[in-house]
Amino acid sequence: MHKTISLALGSICAIFLFFTMISAIRFVQSAWQPPQLQHREEDRYRLVLVTQDLGTPFWNDVGEGAEAEARRLGANLEVWGTYGEDREDFLKQLEIAIDSKVDGIIVQGMDEDAFDNLTKVKAAFYGIPIITVASDVPMSESMRKTYVGSDALAAGKLIANTLIADMGGEGTVVLMGDQREEYDQRQRVEGIRSVLDRHPGIRIEYVTSSDEEEKIVAATQNVMNYFPNVNAFISVDANLTPAMVQEIGRRSQVEPYHIYSFDDNPDILALLRQGKLDGVIQQSPSEMGETGVRMMMQWLEGETVPLDAEGYLTDIRMLTTEGAQ
Amino acid sequence: MIGIQRKIWTLTAIVMFIMASIWIMLTYYNQKTQDQYNEILQRYLIMNEVTTASRQTVNALNIYLLTPTEGNLSSLRRGEQQLRDAQSSVGVLRNEENDFALTSYMNLIDSLIETTDRSVMFKSERETEESSKAFAEATRISRYISEMTLQLIDIELNTYERFYRSIIEQAEELKKLGIWILLAITFGLLLFTYWFSLSITRPVQQLTKAAQELAKGKFERQIVVNSSDEISFLATTFERMRVNINNLILEMKEKARLKSELQQSQLLLQESQLRSLQSQINPHFLFNILDTLSKKAFLEGAEETSDLLVSVAGLLRYNLKRLDRAVTLYDEVRVMRQYMEIQSARFTERLNLVTQIDERCLSVQMPGLTLQPIVENAVIHAIEPAEDGGTITVTIADAGDHVTVEIADDGPGMNEEKIIGILEERDMQPEGHSTGIGFGNVVRRLRLFYGISDVIEIHSGQGRGVRVLLKLPKTRRSDTYDKAIDRG
């Protein structure tokens with residue numbers, strides 16, 4: 001009798017002790033230490049990459065390349081920016097970067113007074129070096145240290161030469177550009193013109209539009225109405241390409257037209273694969289990011305002073321429908 | 001010895017200890033959680049403080065620019081100082097995740113102060129346009145600071161998310177742990193209390209049972225109590241009492257037995273003495289006459305008669321002298337022969353005595369006048385009634401630790417009833433003319449003398465004679481008979 005009671009109580013007690021132990025272990029294990037506080041800031045260069053087009057494959061590549069290089073060189077890099085070309089916010093981010101007194105700013109160039117004002121006056125006031133990447137702004141207007149990216153002039157020439165090779169020496173070519181006509185766009189157009197002007201049989205129509213879809217569609221309709229015998233389209237700003245191609249496709253077959261574009265828009269590669277584009281200038285975004293950070297570090301470390309004001313050019317190549325398959 | 005008091009103290013101490021440790025644990029954990037909460041709140045409050053201070057600074061700058069008085073300037077300076085204090089306390093919040101953002105944040109504060117100073121400077125130099133430009137910039141920077149604060153709080157939430165979740169999780173686990181501990185302790189204490197109470201009540205129960213046994217008069221069973229406390233002391237004392245009472249009872253019983261034996265033998269003695277006194281009528285006068293008669297017979301040439309008379313005198317003397325003494329078998333045999341000589345003179349040819357006596361056995365001690373009454377009984381019952389007479393056979397032989405004395409006759413025998421009467425020591429009416437000492441008396445004295453009952457056997461059957469067998473131990477068991485006799 002005594003034994004039974006003792007045994008029963010003992011085993012119940014043991015079971016509960018077992019669960020208590022498990023619970024206690026879980027309790028201790030669930031404790032998680034807060035992140036270690038750091039008492040002094042890291043003695044590393046703080047760099048910021050500011051862009052207008054966060055989230056696009058092109059700028060993702062630029063960011064990844066820059067981050068990899070920053071890690072390699074032991075710098076702190078943050079990628080700031082706006083989505084969908086919000087210029088006001090972009091300028092605000094740039095100003096914050098300057099006011100935050102980062103050690104260097106790598107920025108997508110923007111041909112606007114406010115941008116120039118920030119880089120030329122304010123950044124210079126704080127002594128912050130600025131490198132433009134992918135899109136350039138003239139040295140004299142921005143006080144940038146250097147430019148890292150594709151040679152827009154050469155890209156224009158390449159695209160024009162491809163067009164000549166595809167179409168021959170005669171025809172009407174429509175150049176579609178953003179109405180803001182930024183510096184790099186002007187450079188591209190200049191490159192294209194420099195080649196096409198040598199062929200008297202080729203007629204060039206330069207059309208500009210804002211980047212809103214209806215405007216692009218309207219501009220495309222207009223130009224096709226005015227010049228029904230148009231042979232080729234060259235989209236100088238990649239952001240205009242999808243709407244333009246769509247409108248052309250709605251009006252007639254896409255195939256007869258020679259359509260060329262640049263690659264800094266997420267939809268371009270898909271259009272190329274579908275055969276709606278005949279050729280795309282492919283740039284090297286990853287290399288841009290890498291080189292940008294490397295140059296910035298070299299300037300900060302005083303290894304290369306001054307930097308080549310003409311810029312450090314990255315590879316461009318022509319990607320055709322066949323090449324994209 | 002572990003006292004009951006100490007046991008209770010131990011139990012209480014253990015319970016107190018467990019409760020105290022749980023309390024300390026809970027308090028410690030609560031304190032820790034409180035600290036963590038405070039720290040978290042502190043972080044947010046510090047960040048918020050920066051925003052507030054920056055807004056105040058810009059506000060103060062605005063007021064100063066509108067009315068540039070010394071008082072407004074000093075309130076602007078106070079605002080700036082406040083901002084600097086907030087900035088230095090923000091520095092404490094640095095960790096791996098927010099390093100970049102925090103540095104930017106602190107630099108933004110620097111920029112704000114610089115821009116503010118610039119605005120004040122332009123104002124003092126009367127360059128109003130530059131001043132208001134700087135003010136616009138300061139306002140923007142202040143807005144950036146607010147935004148950056150939100151961004152920092154966002155980073156903070158991301159960084160600390162796991163930590164916050166762990167706090168919630170831990171609180172949840174603590175609740176479960178509390179329940180388990182409560183259950184485990186409850187049953188642990190139940191078990192412990194059960195054992196503990198058992199260790200007190202079990203000895204008490206054992207003791208109670210033992211007391212009941214004693215109350216029923218069973219003093220033989222030993223009292224065993226498995227305990228080491230006060231109860232065990234009680235049990236030991238109780239056990240000692242039991243042993244003492246038991247010894248006293250045994251002693252009393254022994255004394256009572258001895259007393260009753262003594263009384264019995266005294267009674268017997270008195271009876272035999274009375275009988276013997278009744279049987280002697282002025283014995284010395286009788287001895288003298290018998291001696292004279294013997295001499296006379298001898299002188300007259302009747303030698304046989306003379307011898308007979310001597311035998312009678314010897315027998316009488318023995319009868320008077322030896323009744324209260326232990327004698328040897330030798331003496332008994334001698335007296336028996338004298339008696340038989342006298343009887344031979346009476347029965348002549350009819351009485352035939354056959355003796356087979358082992359001389360080595362004759363030193364055995366025995367009560368006086370035992371053999372003669374038995375032989376007399378044989379003569380009275382076997383020889384007297386028979387016209388042709390009979391034979392009495394007396395055989396004395398060694399049988400190891402005792403001597404057997406067999407008296408057999410070839411008379412008509414004895415019936416069963418009478419034999420039982422003799423063996424149960426009942427006194428019969430003496431038949432005929434015996435010495436007066438009955439068979440029963442002899443049996444009783446023999447048993448008293450040797451202290452054993454198995455000393456005499458009587459075998460008989462109708463027409464087969466009587467065979468009396470005495471088994472006399474060579475060593476006596478006790479001397480009580482002698483002592484009793486001496487005292488009597």
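User: What is the bridge partner of Q108(A) in strand 4 of chain A?

Analyst: This is a predicted model, in which local features need pLDDT of at least 70, side-chain atom pairs count only at pLDDT 80 or more, and totals for chains, interfaces and linings use all residues. Residues are numbered from 1 along each chain as its sequence is written, while chains are lettered from A and ligands numbered from 1 in the order in which they are written. Strands here are DSSP runs of E, at least two residues, and helices are runs of H or I, at least four, numbered from the N terminus. In strand 4 of chain A, Q108(A) has as its bridge partner V133(A).

User: In which sense do strand 3 and strand 4 of chain A pair, parallel or antiparallel?

Analyst: Two strands pair if DSSP finds at least two bridges between them. Strand 3 and strand 4 of chain A have 4 bridges. Their sense is parallel.

User: What is the strand order of the 6-stranded open sheet in chain A?

Analyst: The pairing in this sheet is parallel. Its edge strands are strand 2 and strand 11 (312–314) of chain A, each pairing on one side only. Neighbouring strands are turned by 20° against each other on average, direction ignored; the axes are lines fitted to C-alpha atoms (for helices over the stretch in contact), with angles from 0 to 180 degrees between N-to-C directions. The order is 2-1-3-4-5-11.

User: Is A134(A) buried or exposed?

Analyst: A134(A) sits in the loop between strand 4 (130–133) and helix 5 (139–142) of chain A. Its phi is positive, about 70°, although A134(A) is not a glycine. A residue is buried if 20 or more other C-beta atoms, placed from the backbone, lie within 10 Å of its own, exposed if 12 or fewer, and partly exposed in between. A134(A) has 26 C-beta neighbours inside 10 Å, so A134(A) is buried.

User: How many other C-beta atoms lie within 10 Å of K101(A)?

Analyst: K101(A) follows helix 3 of chain A. Its place is in the loop between that helix and strand 3 (104–108) of chain A. Phi of K101(A) is positive, near 55°, in a residue other than glycine. K101(A) is partly exposed because the count within 10 Å is 18.

User: How far apart are the end C-alpha atoms of helix 3 of chain A?

Analyst: Helix 3 of chain A has 13 residues. The expected span is 1.5 Å times one less than the number of residues. That gives 18 Å, and the end C-alpha atoms agree, at 18 Å.

User: Which elements of chain B do the buried residues of helix 3 of chain A pack against?

Analyst: The buried residues include F90(A), L94(A) and I98(A). Within chain A, they pack against strand 1 (46–51), strand 2, strand 3 and helix 4 (113–126). In chain B, the partners are helix 3 (99–124) and helix 4 (128–215).

User: Which element of chain A gives the most to the side that touches chain B?

Analyst: The contact (C-beta atoms, placed from the backbone, within 7 Å) takes 35 residues from chain A and 37 residues from chain B. Helix 1 (2–30), strand 2 (76–81) and helix 3 (87–99) of chain A each supply at least two residues of the chain A side. With 16 residues, the top contributor is helix 1.

User: How many residues are in the largest nonpolar core?

Analyst: A nonpolar core is a set of buried Ala, Val, Leu, Ile, Met, Phe, Trp, Tyr and Cys residues joined through C-beta atoms within 7 Å. L47(A), I105(A), I106(A), V293(A) and I109(B) touch the most other members. The number of residues in this core is 63.

User: What is the strand order of the 5-stranded open sheet in chain B?

Analyst: The pairing here is mixed. Strand 2 (351–357) and strand 6 (456–460) of chain B are the edge strands. Neighbouring strands are turned by 10° on average, direction ignored. The order is 2-4-5-7-6.

User: Which residue is the bridge partner of I458(B) in strand 7 of chain B?

Analyst: Strand 6 and strand 7 (residues 466–473) of chain B pair in the antiparallel sense over 5 bridges. The partner of I458(B) is V468(B).

User: How far apart in space are L470(B) and E457(B), C-alpha to C-alpha?

Analyst: L470(B) lies in strand 7 of chain B. L470(B) is buried, with 22 other C-beta atoms within 10 Å. In sequence, L470(B) and E457(B) are 13 residues apart. In space, C-alpha to C-alpha, the distance is 6.5 Å.

Note on methods: Contact = placed C-beta atoms within 7 Å.
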